[in-house]
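This report describes a few parts of one structure. Please look over the sequence and the model first.

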Amino acid sequence: MKIGVDASCWGNKRGFGRFTRELLEAVLEIDRSNEYLFFIDEFTSGSETIPARAERIVVKTQTSQINAASAGGRRSVKDLLAMSRAVLRHQLDVFFFPAVYSYFPIFNRTKIVVTLHDVIADHNPKLIFPDSKSKLFWKLKQNAAVRQSDLILTVSEYSKKQIVDYFKLPVSRLRVINEAARPVFKVLPKNGFLSGALARCGLRPDEKFLLYVGGISPHKNLDALIKAFERIAADPDFSHIKLVLVGDYKDDPFFSAYPSLKRQIAALGLEEKVIFTGFVPDEDLVCLYNAATLLVFPSLEEGFGLPAMEAMACGTPVAASNSSSLPEVLGPAGRFFNPRDAEEMASVIGKILGDEKERDAMKRTGLARSEQFVWKKAASDLLGIFGELYA
């Protein structure tokens with residue numbers, strides 16, 4: 001097969017960028033027979049991490065697709081057609097979009113697979129879009145992608161059901177492949193190796209902290225986490241614990257809650273206890289996971305919830321929302337709370353913090369759970385989907 005791939009979100013720091021990189025790297029590692037053409041804009045063309053085995057088709061566009069593909073961004077018709085024409089010049093058997101965010105029309109007579117990670121933007125538009133125009137452009141793009149696709153790929157059974165219900169699609173049009181933690185995310189020895197990464201994030205080696213990893217967008221529900229943390233910090237037994245929020249708040253093109261969160265933290269007098277690290281590279285992130293007492297994942301909705309999987313692979317206990325995909329992903333390793341109830345969230349977190357045996361049990365179960373999810377399995381499943389369309 002000759003397989004075309006929209007790899008223009010390769011460099012995105014959000015979850016769908018990691019999904020693109022990890023899945024395609026795994027596919028190219030196990031598949032030595034098919035030919036791959038990666039279509040990228042010139043802003044992405046300088047990336048040294050794109051595997052050499054894939055042929056790069058560089059398309060001249062006016063705007064970086066990483067920015068234009070955000071919920072608040074949009075590409076010009078000229079840029080869309082530039083990508084479409086580049087694909088049209090090649091005879092392809094299958095074309096794959098790892099994320100609907102960077103979708104553009106395909107005019108070839110080829111089979112198309114589009115990935116919809118979730119329908120969070122459709123369920124929570126006020127938390128995703130800065131204005132009605134951004135929402136309109138997103139809906140037009142998403143609906144066009146759904147209509148043109150032969151198969152829709154998603155990352156959890158939860159997301160599959162939501163997509164089927166929202167778009168009124170037959171279940172036969174959807175396929176599920178799971179995400180996984182990179183091998184870099186693993187249990188590390190508790191020694192001085194961690195101290196450098198902790199210091200770069202404003203932490204001392206002996207400090208205990210709760211950890212959040214992900215976007216700083218409104219639907220991540222960090223305002224409720226901060227309310228819950230205020231209750232925890234007021235307990236004399238936990239007054240020494242800090243809250244570390246890992247996520248890009250400077251260069252992320254998506255709608256951000258960072259300004260309002262900073263105001264909330266100041267109003268509660270928690271400036272000395274809550275740390276925003278900004279983007280953290282994986283080499284430091286694995287150290288944060290290993291050093292954290294608990295990962296808290298309070299999202300109102302997730303398509304998969306990759307940071308929870310990464311935390312489990314590092315032996316870190318996880319407390320998460322009892323909604324969307326998170327109970328499916330965490331299984332028996334997780335402890336859950338109502339994300340809209342800050343008091344319940346604080347209660348669940350507090351019980352875990354006060355019970356070392358419980359944390360040890362969660363660590364063991366989480367490690368076993370994370371081993372069930374591997375990128376090679378996801379890559380094999382994707383190749384099966386390509387073969388299904390090509391047959």
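## Basis

This is a predicted model, in which local features need pLDDT of at least 70 and side-chain atom pairs count only at pLDDT 80 or more, while totals for chains, interfaces and linings use all residues. Residues are numbered from 1 along each chain as its sequence is written, and side-chain values use heavy atoms, without hydrogens and water.

## Helix 9

Helices (H or I, at least four residues) and strands (E, at least two) are DSSP runs, numbered from the N terminus.

Buried residues of helix 9 include Leu222, Leu225, Ile226 and Phe229; buried means under 20% relative accessible area, with a 1.4 Å probe and protein chains only. Among the elements that cover the buried residues are strand 8 (209–213), helix 10 (258–267) and helix 14 (342–353).

## Gln264

Gln264 is found in helix 10. With a relative accessible area of 16%, Gln264 is buried. Leaving out residues up to four places away in sequence, Gln264 touches Asp223, Ile226 and Lys227 (contact: heavy atoms within 4.5 Å). Gln264 and Ile226 are 38 residues apart in sequence, and their C-alpha atoms are 8.1 Å apart.

## Nonpolar cores

A nonpolar core is a set of buried Ala, Val, Leu, Ile, Met, Phe, Trp, Tyr and Cys residues joined through side-chain atoms within 4.5 Å. The largest has 102 residues, and Phe38, Leu210 and Leu211 have the most contacts inside it. A second, separate core of 37 residues includes Val59 and Phe254.

How values were computed
Buried < 20%, exposed > 50% of the residue type's maximum accessible area, 1.4 Å probe, protein only.
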